[in-house]
Amino acid sequence: MLNGLWLGFFLTAAASAGWRWLAGGEAEVFAAMVQALFAMAKLAVEVMVLLFGTLTLWLGFLRVAEQAGLVNWLARLLSPLLCRLMPQVPPGHPSLGLITLNFAANALGLDNAATPIGLKAMRSLQELNPSATVASNAQILFLVLNASALTLLPVSIFMYRAQQGAADPTLVFLPILLANAAGTLVALLAVAAVQRLRLWDPVVLAYLVPGALLMGGFMALLAGLSAAALAALSSLLGNLTMFAIVLLFLLAGALRRVPVYEAFVDGAKEGFDVAKNLLPYLVAMLCAVGVLRASGALDLALGGLRGLVALAGWDTRFVDAMPTALVKPFSGSAARALLLETMQSQGVDSFAALLAATVQGSTETTFYVLAVYFGAVGIQRARHAVACAVLADVAGILASIGVCYWFFG
């Protein structure tokens, strides 16, 4: 799928450039495409420099949290809920701890670090699966919730915005949080409906109702604020949450007598290894997207969509963020490249770039996750996993559009 998508970018760019040359006499389009190749390769290296630091930093702090027992504490806290939602998994099974750690990495926005942990969790769940090729209910719920990508602290999005010169990289904190919550809620309800999970179980309600009330009250509070106040609050909470998590990890480690410096360095080494493997993928996708934009094909497609939206009488500002939204379910690297390209072409604090960042932070590479996670354990029949995960993606995209008009419109 990724091979076809990448090749399709270049073939579409070639067709668009050929048409502009033969029909319009615009021979300079080929020079623009070659220039875009080198410009995007340079941008990929610039982004990677900051990405090295970001992943190294946060995986270092995550290792401190592991050794301080915070992950085990979180696993015990969530165990009653997970046991109700995954009745096939016995209490105390190692998969519950791995699932919790995977959710923790996703919550911190460390999607690249969450993948290897998630694969371990999927293999652990496969040990309980009576079928070697058909996905179990527990595996489907884990995968769909993973694909809904509940992110409390989208560090990578902040990093991309900072690298592109945003005055306040954390401005999208609250929009991502709200859109993300909508997608995750839809994911849970969709799987629960198909698997007939008892969401009205007292234990499940004890977890979900307070969270729903807290989120509802929070949104009611936000409804009374102006756009400027919403942006200021998003910035404050984003920075405050980030530093509070760092302080919590370090204090917990110190209280448990963890050698926090040594633990941080051990985790940071892992972050360096994860980050260095991303550069070839980032170069490949950024160059393909750059050529597509330089050929005029992307602008032509967006122009057609913008015309249809205008014909319907809707606001067309969200159209420029749609490439990121449409590609994200198929490829995280392609969506990341489109996000960076939107920031460069539209401005890092433009409505399109803010919406693209929100979509990037509140949706997941659904088909990639399905292929990698199920492929790792030999699952061939995904059952209802695809439909539920795609539904969560659609909810996340629609929620992102609505929330961004609310915050920045």
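**View 1. R20, partly exposed at 24% relative accessibility, pairs with E26 in a salt bridge.** Here buried means under 20% relative accessible area, exposed over 50%, and partly exposed in between (1.4 Å probe, protein chains only). This is a predicted model, in which local features need pLDDT of at least 70 and side-chain atom pairs count only at pLDDT 80 or more, while totals for chains, interfaces and linings use all residues. Residues are numbered from 1 along each chain as its sequence is written, and side-chain values use heavy atoms, with hydrogens and water left out. The closest N and O atoms of R20 and E26 are 2.7 Å apart. E26 is partly exposed too, at 27% relative accessibility. A salt bridge is a side-chain nitrogen of Lys or Arg within 4 Å of a carboxyl oxygen of Asp or Glu, and the count by this rule is six.

**View 2. R84, R198 and D201 are joined in a network of salt bridges.** D201 counts as buried, because its relative accessibility is 11%. R198, with a relative accessible area of 46%, is partly exposed.

**View 3. The side chains of R317 and D315 meet in a salt bridge.** The N to O distance is 3.1 Å. R317 has 32% relative accessibility, so it counts as partly exposed. D315 also counts as partly exposed, at 35%.

**View 4. Helix α7, residues 155-163, is mostly covered.** Helices (H or I, at least four residues) and strands (E, at least two) are DSSP runs, numbered from the N terminus. Seven of the nine residues of α7 are buried, namely V155, S156, I157, F158, M159, Y160 and R161. After the helix comes G165, whose phi is positive, near 90 degrees. Contact here means heavy atoms within 4.5 Å.

**View 5. The largest nonpolar core has 69 residues.** Such a core is a set of buried Ala, Val, Leu, Ile, Met, Phe, Trp, Tyr and Cys residues joined through side-chain atoms within 4.5 Å. The residues with the most contacts inside the core are Y160, V172, F318, M343, L355 and F408. Helix α2 (residues 28-67) gives the largest share, 10 residues. Apart from this core lies another, of 40 residues, with A135, A190, L197 and I379 among them.

**View 6. W200, L205, V209 and L213 form a nonpolar patch on the surface.** Together they have about 430 Å² of accessible area, computed by the Shrake-Rupley method with a 1.4 Å probe, where for residues only the protein chains shown count as cover. Patches are made of residues with over 30% relative accessible area and no salt bridge; like charges are joined within 9 Å, and nonpolar side chains (Val, Leu, Ile, Met, Phe, Trp, Tyr) within 5 Å. L205 lies in helix α9 (residues 202-223) and is partly exposed, with a relative accessible area of 34%.

**View 7. For orientation, the chain has 18 helices and zero strands.** Of its 409 residues, 51% count as buried. The chain exposes about 17800 Å², with carbon and sulfur atoms supplying 70% of it. Among contacts in the chain between residues at least 6 apart in sequence, 80% join residues at least 24 apart.
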